[in-house]
Amino acid sequence: MASLQQSTLKTDVSTELLIAHIVQIHASVCKLESLTPSKQVNTLLTHLVKLCIPPSSIDITALPEETQLIRQSLITLCGKAEGLLELEFSTFLSKLPQPLHNLNLFPYYGNYVKLANLEYRILSDNGVVQPKKVAFIGSGPLPLSTLILATHHMKSTCFDNFDIDEEANAAARQLVASDNELQRRVKFHTQDVMEVRDKLGKYDCIFLAALVGMNKEEKVEILGHVRKYMKEGGNLLVRSVKGARAFLYPVVEEEALLGFEVLTTFHPTNEVINSIILARKPVA
């Protein structure tokens with residue numbers, strides 16, 4: 001949830017107190033009439049993120065069923081709120097004379113820059129420097145990760161972005177249309193990744209956004225599908241979370257990466273919420 005990230009809180013709280021606060025926020029969010037951007041929505045979700053960012057010893061798998069249901073509900077609610085915020089800003093930016101020169105007007109742009117820098121460094125450290133073709137699955141209406149990577153790190157790479165929401169893709173296309181060179185390299189496809197098969201074999205690297213697969217079962221199914229069709233020796237970068245951050249995003253379990261060679265896993269402890277897992281499909 002790069003769009004909701006804030007500064008790290010230094011203090012840790014007990015698991016019981018943490019969960020009590022989270023349950024209270026969940027109840028408040030559920031009472032909202034809408035998740036469209038507003039002061040009330042932003043205040044509640046910012047409070048939630050600040051609670052969940054500090055390193056925590058919480059064992060998500062050991063939580064009682066009721067708390068697990070609240071966690072799943074929060075992930076869904078936060079995902080919807082994030083999507084609405086990004087759609088609003090994407091639409092706003094597209095109306096400016098040079099939208100791609102004003103991405104930093106998005107209040108959490110800096111967090112996306114940090115995440116993209118981390119991901120590119122991890123890829124580079126593992127020999128993935130300038131891939132020819134990249135797929136980003138779950139790109140959304142404001143595809144900042146793709147835009148930052150394409151303009152600052154992978155300046156000759158072609159990006160295919162997949163999202164199931166045509167409205168999100170239309171907004172993203174409108175942003176990129178302002179730059180002829182970027183429009184040539186960055187494309188958007190309205191398609192469920194489970195319907196993409198042979199095309200997955202064309203990519204040197206595939207990014208899987210954190211909200212693609214909202215629970216353990218979906219993650220296993222999607223990652224198994226991607227593994228089946230991606231090319232041997234191809235790289236997969238998956239976003240996950242650790243600790244209390246699992247109240248914001250789904251966790252990618254080790255069993256979901258069965259059949260992959262996991263090259264590295266990085267768990268940030270700062271305002272970058274997402275953990276980064278880099279895996280590779282073995283060459284038979």
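1. How far apart are the mean positions of the positive and negative charges of the protein chain? In this predicted model, the 29 positive and 31 negative charges have mean positions that lie 6 Å apart.

2. Overall fold. Eight helices and seven strands make up the secondary structure of the protein chain. Its radius of gyration is 18 Å, close to the 19 Å that the globule rule gives for 284 residues, so the chain is as compact as a globular protein of that length. Along the principal axes, the C-alpha atoms occupy a box of roughly 50 × 50 × 35 Å.

3. Interior and surface. Of the 284 residues in the protein chain, 51% are buried. The chain exposes about 13,000 Å², and 52% of this area is supplied by carbon and sulfur atoms. When contacts between residues at least 6 apart in sequence are considered, 78% of them join residues at least 24 apart.

4. Helix α4. This helix covers residues 109–125, and its 17 residues should span 24 Å at 1.5 Å a residue; the end C-alpha atoms are 24 Å apart, which agrees. The buried residues of α4 are Y109, N111, Y112, L115, A116, L118, E119, Y120, I122 and L123. After α4 comes G127, which has a positive phi, near 85°.

5. Residue T67. This threonine belongs to helix α3, which runs over residues 65–94. Is T67 buried or exposed? Its relative accessible area is 10%, and because buried means under 20%, T67 is buried. With its neighbours within four places in sequence left aside, T67 is in contact with I19 and F247.

6. Residue S38. Where does S38 lie? The residue is found in the loop between α1 (15–30) and α2 (39–52). Its relative accessibility is 33%; this value falls between the 20% and 50% limits, so S38 counts as partly exposed. The C-alpha atom of S38 is separated by 9.3 Å from that of L85, although these residues are 47 apart along the chain.

7. Points to check on the display.

Key: Residues are numbered from 1 along each chain as its sequence is written. This is a predicted model: local features need pLDDT of at least 70, side-chain atom pairs count only at pLDDT 80 or more; totals for chains, interfaces and linings use all residues. Side-chain values use heavy atoms; hydrogens and water are left out. Helices (H or I, at least four residues) and strands (E, at least two) are DSSP runs, numbered from the N terminus. The radius of gyration is taken over C-alpha atoms; the globule rule is 2.2 Å times the number of residues to the power 0.38. Buried means under 20% relative accessible area, exposed over 50%, partly exposed in between (1.4 Å probe, protein chains only). Contact means heavy atoms within 4.5 Å. Accessible areas come from the Shrake-Rupley method with a 1.4 Å probe; for residues, only the protein chains shown count as cover. Lys and Arg count as positive and Asp and Glu as negative; His and the chain ends are not counted. The place of a charge is taken as NZ of Lys, CZ of Arg, CG of Asp or CD of Glu. The expected span of a helix is 1.5 Å times one less than its number of residues.
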